[in-house]
Amino acid sequence: MTGLTTENALIRNTSDVEDFARGCFLGSTGDQVGVELEFLVFDRTAPDLQVPMDRISDALPPLPGGSKVTFEPGGQLELSGTEGSLPDAIARLAADVDVTRRALWDAGMALVGVGLDPLRPARRQLRLPRYETMAAFLGAPYGSLMMCSTASIQVNLDLGRNPAARWERAHLLGPVLVAAFANSPLSEGRPHGWMSGRQMVWERLDPTRTTPVPVVEDPAAAWTDYLLDARLMLVGEEQKRYRGREIRKTDEAREKKGKGGERGRPIHDGSTLRDRLGASAHPLTMTDLAYHATTLFPPVRPRGWLEIRYLDAQHPANWPVCVAVTHALVMDDRTADAAVAAAEPYAAMWSQAARCGLADPGLRKAADACFRAAIEALPRLGASADLVREVAAFADRHVTPGRSPAVDLLDLVRGPERRLPAWLTEEEPA
């Protein structure tokens with residue numbers, strides 16, 4: 001995270017926190033994008049069972065696009081692509097998704113893009129100290145579901161020459177994009193009443209670390225207050241090994257050998273960073289602050305770039321649509337005005353967007369305007385004609401009729417036939 005220091009200097013006062021927060025808004029002034037895709041993996045012959053991470057890892061060949069392979073605590077597979085221009089980043093990551101999907105299929109598994117596991121209960125595989133603390137801190141059922149059953153598309157965008165503008169756009173567009181890409185209406189085979197169950201899970205966690213950062217004139221000031229007012233989860237963690245969710249295979253091997261790293265000191269009293277500043281018994285360091293920032297999960301997070309974290313995982317064929325639309329609406333100044341004008345009336349409707357998706361007529365109308373703006377902009381941003389057609393086809397299928405991708409999943413469990421397991425495991429990749 002930009003602003004992270006390896007020095008063990010003590011935090012003197014809130015000005016040190018503000019300096020760190022402002023560092024999080026210093027980064028590339030360009031227009032590159034990076035994408036992190038999370039997927040669920042199912043056994044094609046036994047979709048009710050969890051698939052061990054070792055089985056997944058052993059099936060994967062080298063990836064041609066250079067994506068990094070990591071796992072979430074429940075065994076969700078994550079592919080983190082290399083950053084680049086929109087067409088280059090999508091092309092490289094798409095090649096890796098295709099290779100991964102085929103390799104897993106040939107090994108008896110299926111790669112599935114859904115925001116919340118629609119069939120299996122939450123069960124954790126990774127036991128690293130960070131996750132032990134997080135599980136105890138967040139509790140059940142929602143902490144367990146978030147860690148073990150959710151999957152997302154994270155779009156990482158350069159801050160550009162005007163970081164405040166892109167920060168504002170990413171927030172104002174949030175509910176509309178949540179509704180357009182809502183894709184998690186099921187849990188343990190049944191509807192739970194939300195189009196984006198993944199967003200519902202996040203909403204029911206600790207609000208001091210998951211609610212949106214307020215959009216104000218000075219985003220660094222807002223991020224400073226957010227850091228200060230969030231509850232502390234853990235201090236004293238070894239920064240060199242635990243960097244956000246980047247748990248590498250080598251770390252997993254060390255864990256299995258009982259070498260999971262130094263344990264930090266969990267905080268159980270509900271105190272915030274602001275509460276602890278200046279405490280003589282356990283003074284906090286800048287390393288503690290940097291680690292604290294990695295435990296905060298607002299819908300948009302600054303890290304020297306913008307992490308857009310509110311998008312449900314999509315079908316392996318549809319994730320480029322999600323990335324392309326988000327990139328166009330946030331990054332392109334000519335497109336942003338029209339998109340923000342359509343989305344701003346709904347900027348506070350995070351819960352409504354997650355619950356209703358595009359069935360809400362206002363969100364549907366705003367999403368339609370946003371997609372039209374994105375389709376107009378994408379050729380100018382270097383997108384291929386095929387990608388533009390994919391975005392238009394997604395809009396025709398989902399946005400114009402007000403039918404979030406979640407509705408397709410709901411159709412699988414309506415009526416007497418049990419079609420969900422077949423959908424999860426019987427679509428052979430091309």
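Two residues are in contact when heavy atoms lie within 4.5 Å. This is a predicted model, in which local features need pLDDT of at least 70, side-chain atom pairs count only at pLDDT 80 or more, and totals for chains, interfaces and linings use all residues. Residues are numbered from 1 along each chain as its sequence is written, and side-chain values use heavy atoms, leaving out hydrogens and water.

**Figure 1. The whole protein chain.** The chain holds 20 helices and eleven strands. These elements are DSSP runs numbered from the N terminus: helices are H or I with at least four residues, strands are E with at least two. The C-alpha trace spans about 60 × 50 × 40 Å along its principal axes. A compact globule of 430 residues would have a radius of gyration near 22 Å, and the 21 Å of the protein chain agrees. That radius is taken over C-alpha atoms, and the globule rule is 2.2 Å times the number of residues to the power 0.38. Of the 430 residues, 59% are buried. Buried means under 20% relative accessible area, exposed means over 50%, and partly exposed lies in between (1.4 Å probe, protein chains only). Take the contacts between residues at least 6 apart in sequence: 79% of them join residues at least 24 apart.

**Figure 2. His282 and its surroundings.** His282 sits in the loop between helix 12 (273–276) and helix 13 (286–294). The residue is partly exposed, at a relative accessible area of 39%. Setting aside neighbours within four places in sequence, His282 is in contact with Arg265 and Arg276. Val235 is 47 residues away from His282 along the chain, yet their C-alpha atoms are separated by 9.6 Å.

Figure 3. The buried residues are Gly143, Leu145, Met146, Met147, Cys148 and Ser149. Their cover includes strand 1 (33–43), helix 4 (129–138) and helix 8 (197–203). Pro141 lies in the loop between helix 4 and helix 5. The peptide bond from Ala140 to Pro141 is cis, with omega near 0°. Most peptide bonds are trans.

**Figure 4. Glu188 between two strands.** Glu188 belongs to the loop between strand 6 (186–187) and strand 7 (190–191). Its phi is positive, about 50°, although Glu188 is not a glycine. Most residues other than glycine have a negative phi. Glu188 is partly exposed, with a relative accessible area of 41%.

Figure 5. On a 1 Å grid over the protein atoms alone, a cavity is a set of points where a 1.4 Å probe fits but cannot get out, and lining residues have an atom within 4 Å of a point. Points are joined across faces, edges and corners, and a volume is the space filled by probe spheres set on them. There are two cavities of 30 Å³ or more. Helix 3 (86–106), strand 4 (109–112) and helix 20 (420–425) each supply at least two lining residues. Strand 4 gives the most, with four. By class, the lining has nine nonpolar, three polar and three charged residues. Ala, Val, Leu, Ile, Met, Phe, Trp, Tyr, Cys and Pro count as nonpolar, Asp, Glu, Lys and Arg as charged, and the others, Gly among them, as polar.

How values were computed. 1 Å grid on protein atoms, 1.4 Å probe; cavity = no way out; pocket = protein on both sides within 12 Å on 5 of 7 lines; lining within 4 Å.
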